[in-house]
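Visitor: I have a chain to look at and a few quick questions. Can you put it up?

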Amino acid sequence: MEVSIIFKIGAVGILVSVLGQVLKHSGREEQAFLTSLAGLILVLFWLLPYISDLFETIKKLFTL
């Protein structure tokens with residue numbers, strides 16, 4: 001796993017947190033929820049190849 005993906009996830013987390021707080025304080029709870037949902041989906045799409053590699057490695061390990 002690359003170290004840069006950890007920094008990207010951290011940056012998205014900080015950005016989503018700040019945007020969520022700003023939107024909640026301005027009375028836009030729906031947009032704050034959608035912002036956090038979009039951040040979660042973005043991070044999951046970034047992690048999907050690593051999860052796939054993990055399952056392939058486990059499958060190879062048990063087919064010895």
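Guide: Here it is. Phe 45 is found in helix α2, residues 29–62; helices are DSSP runs of H or I with at least four residues, numbered from the N terminus. This is a predicted model, where local features need pLDDT of at least 70, side-chain atom pairs count only at pLDDT 80 or more, and totals for chains, interfaces and linings use all residues. Residues are numbered from 1 along each chain as its sequence is written, and side-chain values use heavy atoms, leaving out hydrogens and water.

Visitor: Is Phe 45 buried or exposed?

Guide: Phe 45 counts as exposed because its relative accessibility is 58%. Exposed means over 50% relative accessible area, buried under 20%, and partly exposed in between, with a 1.4 Å probe and protein chains only.

Visitor: Switching topic, how many salt bridges does the structure hold?

Guide: The structure holds 1 salt bridge, meaning a side-chain nitrogen of Lys or Arg within 4 Å of a carboxyl oxygen of Asp or Glu.

Visitor: Which residue pairs with Glu 56?

Guide: Lys 59, with the closest N and O atoms 3.9 Å apart. Both Glu 56 and Lys 59 lie in helix α2, 3 residues apart, about one turn of the helix. Glu 56 is partly exposed at 37% relative accessible area, and Lys 59 is exposed at 51%.

Visitor: And the whole chain, how many helices and strands?

Guide: The protein chain has 2 helices and 0 strands, strands being DSSP runs of E with at least two residues. Its C-alpha atoms fill a box of roughly 60 × 20 × 10 Å along the principal axes.

Visitor: What share is buried?

Guide: Of the 64 residues, 12% count as buried.
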